[in-house]
Structure formats: structure tokens, C-alpha cells
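Open the model in your viewer and keep the selection panel at hand. The stops below begin at the contact between two chains and then move to one chain alone.

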Amino acid sequence: MNWAGLYTVLSGVNRHSTAIGRIWLSVIFIFRIMVLVVAAESVWGDEKSAFTCNTQQPGCNSVCYDHFFPISHIRLWALQLILVTTPALLVAMHVAYQQHQEKKLLVLTGHGDPKHMEEVKKHKMRISGSLWWTYVCSVVFRLLFEAVFMYIFYMLYPGYQMVRLVKCEAYPCPNTVDCFISRPTEKTIFTVFMLVTSSICIILNMAELVYLVIRACARRGQHNSNPPSGKGSFYGHKLSSEYKQNEINQLLTEQDGSLKDMLRRNPGLQEKGDRCSAC
Amino acid sequence: MDWGALHTVLGGVNKHSTSIGKIWLTVLFIFRIMILVVAAEKVWGDEQDDFICNTLQPGCKNVCYDHFFPISHIRLWALQLIFVSTPALLVAMHVAYRRHEKKRQFRKGDQKCEYKDIEEIRKQRFHIEGSLWWTYTSSIFFRLVFEAVFMYAFYFMYDGFRMPRLMKCSAWPCPNTVDCFVSRPTEKTVFTIFMIAVSSICILLNVAELCYLLAKFFLRRSKKAGHQKHHPNHENKEETKQNEMNELISDSCQNTVIGFTS
């Protein structure tokens with residue numbers, strides 16, 4: 001399992017994301033993960049071997065390195081990227097659950113053949129209802145993780161600049177010893193770059209959150225002006241076959257856009273849909 | 001996520017590029033990214049370990065290396081290649097958006113849609129016209145800007161493109177002035193010049209593509225203007241549709257290119 005494996009997993013989620021979500025995913029993979037793998041890792045590659053202290057005291061080098069770099073930038077970024085990308089898996093799990101429900105419904109209504117099952121797998125879920133809440137939670141968690149890691153970075157390495165020289169007094173170093181860091185300027189450039197892309201991702205996440213909230217409010221406004229019919233009849237009929245039929249009807253109306261589209265598209269069904277007259 | 005994954009992502013864009021765009025993508029992947037990965041990275045692999053200064057003063061080597069190489073050539077090229085290849089994703093996003101719209105039309109059962117199948121929409125290649133033309137032209141423009149900026153940054157940071165054998169360093173804690181020797185300077189100069197040359201070729205290809213798109217745009221506009229001038233009122237809807245089809249057929253004949261495999 002490596003970054004490529006993560007890419008495979010998350011590409012699947014991409015299909016059910018908003019447009020901003022897809023842009024965010026591209027920024028993460030191209031400007032953060034890819035830059036980390038092809039460039040940043042080689043900059044920090046010799047961070048310990050080229051960390052030189054002006055002393056011949058054995059152990060001083062190791063102790064000073066450990067004192068000034070409790071956790072390397074590279075590892076922190078790797079952790080950040082993993083934690084920031086995984087909330088999308090919540091959405092993937094919810095979509096899989098919804099697809100499972102749809103398949104069950106199709107079997108109940110007698111359309112359990114492989115062709116319909118494939119259709120369920122392929123079509124894009126609308127971000128509404130409980131999926132909307134899951135999606136919003138995932139975006140909130142992403143934001144949270146990004147902010148937490150940026151704060152940790154700032155706490156561990158005050159300011160984002162890498163200095164050339166650090167003065168170390170930890171035992172067993174005699175008195176104060178000058179220690180020199182390797183490639184400080186290059187490290188500063190990459191730290192600033194990763195910081196900027198992290199901020200861009202935070203802005204994209206906030207924009208996505210605002211977009212989702214506005215869309216939900218707009219949809220609610222539309223819904224209130226056209227109230228759905230048929231829900232009231234649910235309590236009226238308790239006979240088993242009518243009860244079952246009503247349950248199916250209700251499930252059908254709840255899963256409106258996606259399932260109805262799908263059933264309409266298939267030939268040989270009772271429901272009629274308009275198809276291209278040119279076809 | 002590495003260069004291979006970038007290749008996969010950009011291979012998809014290839015289908016909607018012009019022929020010059022496909023050549024540019026091939027040059028990018030074979031003469032720049034591949035050379036970077038299989039050759040240049042090894043040349044620069046020991047750049048700091050073998051950077052030797054004529055002093056025993058601890059820390060002097062680190063400081064001098066940092067002073068003369070604020071960012072390594074390899075990292076600069078990697079960043080340049082990432083930035084130069086990503087504007088193509090704008091085009092990919094626009095194409096995906098158009099496909100999505102067409103699929104929506106198809107699902108609604110729009111009379112105007114001319115596709116038999118959703119699969120056909122997925123496989124269809126879009127002509128570079130209308131808003132897609134603007135997106136494509138912007139992406140080429142951004143590519144040009146990024147190439148130029150990085151070449152300038154290179155020239156500015158390393159005072160020309162030659163790697164000297166010896167550098168004289170007097171940064172603290174080096175005592176007085178110290179001679180520092182760069183590892184493999186000639187090999188590095190050769191690869192630097194090679195990458196600069198290929199970068200210039202890519203810039204030329206981008207400029208040529210831009211000119212080609214502009215020429216096509218003006219040609220199409222003048223054809224349309226001439227057409228409207230000669231037949232202002234006589235056409236009814238069917239004739240318009242037939243003319244459009246003829247135009248598309250003649251355009252696609254001009255645009256037939258050998259596909260570069262991804």
C-alpha cells in the first residue's frame with residue numbers, strides 16, 4: 001500500500017464529489033502528494049547524515065538532531081496527507097451502503113438481473129438527504145485535520161523558515177555547540193510551497209462547505225413550495241400486501257432522482273420515459 | 001503518486017488536443033520527464049555528499065553548499081514539469097463538464113440530442129471550438145508563462161547555465177575564503193544544456209500551437225461571415241443543420257491526426 005494505492009481508492013470517491021471536491025482532490029494529488037514524493041523526499045533525504053555539529057563528542061550529533069527535529073517535516077506531511085484524504089472514505093462507505101439498498105429494492109421489485117445491478121454501480125449518487133450530512137461531515141473533518149496539522153507545524157517549528165545554524169546545549173555536548181543543518185534554503189522553499197498548497201486546500205474545503213449549505217437551503221426552499229403527496233397515506237393501510245406496496249412506493253419516491261432515472265432508462269418497464277426521437 | 005500516475009492523468013487529455021499538442025506531450029514525457037528520472041537524478045544524486053570544501057571547519061561545507069545551491073536543479077525541473085503539465089487538466093475538466101451536460105440532456109430525453117447511447121457520449125471527441133477553445137488557449141498560455149518563469153529563475157539563480165568546477169566561499173563559519181569543489185560539473189552542464197534546449201523546443205511548440213489555434217479561429221469566423229453574407233434568408237432549419245454537418249466533416253478531415261498512444 002503506497003500513495004498509488006491511496007490514489008486508486010480515492011479516485012472512486014471522485015465520482016460522487018462536487019466539482020470543488022474534484023478540484024481539491026487534484027490539488028492534493030498533484031501539488032502535494034506528487035511534489036512530496038518526487039521532490040521533497042530527496043531534499044530531506046540526508047537531513048540526519050548531513051546534520052553537522054562543531055564537536056567531536058560522540059552522541060552530541062544525535063542528541064542535538066533529536067532535540068531540534070522531534071518529527072521530520074516529511075513524516076508530518078505524510079501523516080497530514082493521509083489523515084486529510086481519509087474522511088472521503090466515509091462518503092465512499094455511505095455510497096456503497098446506498099447502492100446496496102438500491103440493489104435490494106431492485107430485487108424486491110423483480111428487476112434483480114445483472115444488467116440492472118451494473119446500472120446501480122455505475123450511476124452517480126445525488127448528494128442529498130443523509131449522504132449530504134455524511135459529505136458535510138467529511139469536509140468538516142478535512143478542514144479540522146488541515147488546521148490541526150498546520151498548528152502542530154507552527155508549534156514544532158516556529159516560523160516556517162529553516163535556519164542554517166542551531167545552537168545546542170543538550171548533554172553530552174560540551175557547553176554550547178554550533179550545529180549546521182543541510183540545505184536550509186531548499187527546505188524553506190518547500191515548506192513554504194507545502195504551506196501555500198495547504199492553505200489553498202483549506203479555502204477549497206470552505207468553499208465546498210458553503211456551496212453545499214447553499215444548495216441544501218435552495219433545495220429546501222423548492223421543496224417547501226411543492227410539497228410531496230402520498231406520505232399521509234402511509235398510516236392509513238395496515239393490511240400486509242398494501243403495507244408492502246406502500247413501503248415500496250415510499251422508498252421509490254424517497255430515492256427519486258437516481259432510481260427513477262435508472263428505471264426509466266431501461267426498456268421493457270411499465271414506467272414510460274421520453275427517449276431521444278432521433279435514436 | 002509519481003510520474004507514471006501523471007502520465008495516466010495526462011494521457012486522457014491527449015485525445016482532445018491538437019496534433020501539435022500531442023507532439024508537445026510526447027516531447028514532455030520522453031525527453032524531459034524520462035531523462036530526468038533515468039539520468040539526471042543519478043548525476044545530481046551525490047551533489048551534497050561530494051561537494052568538498054578545502055577546510056576542516058565543521059559546518060562550512062553545509063553553509064557553502066546552501067549558499068551556492070539554494071534549490072537543486074533536479075527539484076527545480078521537477079517543479080517546472082509539474083506546473084507546465086497541469087494546465088492541461090483545465091481542458092480535461094472542461095471536457096468532463098461538457099460530457100456531463102450532454103449526458104444530462106440525453107437523460108432528460110432532449111429532442112436535440114444526437115447520441116444513441118451514453119457510451120457514445122463518453123467516447124466522443126470534442127472539437128476545439130466555442131468555450132473549449134478559450135479554455136484550451138488559456139491552458140497553452142499558462143504553459144508558456146510557467147516555462148518562461150522557470151527558465152528565468154534558473155538563469156537568475158545559477159548565473160547562466162554552466163556549472164563551475166570551483167566555487168570560492170566566505171560565509172560564516174568558514175575561516176576567510178575557502179575553495180569548494182562541485183562534483184561532476186561537466187556532466188551537470190551537459191544535462192542542464194540538454195534540459196534547457198528541450199524546454200525551448202517545448203516553448204516553440206506551444207507558440208506554434210497558439211498560432212495554429214488563432215489561425216483556425218479566424219478562418220472559421222471568416223467562413224461563417226462569408227456564408228451568412230451569401231445566404232442570409234434562404235436557409236431554413238434543415239439546410240442550416242446540413243451545412244453545419246458538412247463543416248464538421250471538413251473540419252474533422254483536417255484534424256485527423258495520428259493518435260499518440262498513452
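Start with charged pairs across the boundary: chain A and chain B share 3 salt bridges, a salt bridge being a side-chain nitrogen of Lys or Arg within 4 Å of a carboxyl oxygen of Asp or Glu. Select Arg164(A) and Asp66(B) to see a salt bridge between their side chains, at 2.9 Å from N to O.

Before going further, note that this is a predicted model, in which local features need pLDDT of at least 70 and side-chain atom pairs count only at pLDDT 80 or more, while totals for chains, interfaces and linings use all residues. Residues are numbered from 1 along each chain as its sequence is written, chains are lettered from A and ligands numbered from 1 in the order in which they are written, and side-chain values use heavy atoms, with hydrogens and water left out.

Next, show polar contacts between the chains. There are 11 residue pairs in polar contact between chain A and chain B, both residues at pLDDT 80 or more; the term means a pair of N or O atoms within 3.5 Å, where within protein one must be able to donate a hydrogen and the other to accept it, and residues adjacent in sequence count only if both atoms are side-chain atoms.

Elements giving two or more residues to the side that touches chain B include H1 (3-14), H2 (19-43) and H8 (184-225) of chain A. H2(A) gives the largest share, 12 residues.

Select the whole contact (heavy atoms within 4.5 Å): 41 residues from chain A and 38 residues from chain B. The two chains bury about 3,500 Å² between them, 64% of it on carbon and sulfur atoms; this is the accessible area (1.4 Å probe) lost on being put together, summed over both. Pick out Met34(A), Phe180(A) and Arg183(A), which supply 17% of the area that chain A buries against chain B, more than any other three residues.

Chain A has 10 helices and 3 strands, and 41% of its 279 residues count as buried, that is, under 20% relative accessible area (1.4 Å probe, protein chains only).

Finally, select residues 145-212 of chain A, where UniProt (unreviewed entry) places "domain: Connexin cysteine-rich". That span is 60% helix and 12% strand, with its end C-alpha atoms 20 Å apart.

Conventions: UniProt positions are given in the numbering used here, feature names are shortened, and annotations may be inferred rather than shown by experiment. Helices (H or I, at least four residues) and strands (E, at least two) are DSSP runs, numbered from the N terminus. Buried means under 20% relative accessible area, exposed over 50%, partly exposed in between (1.4 Å probe, protein chains only).
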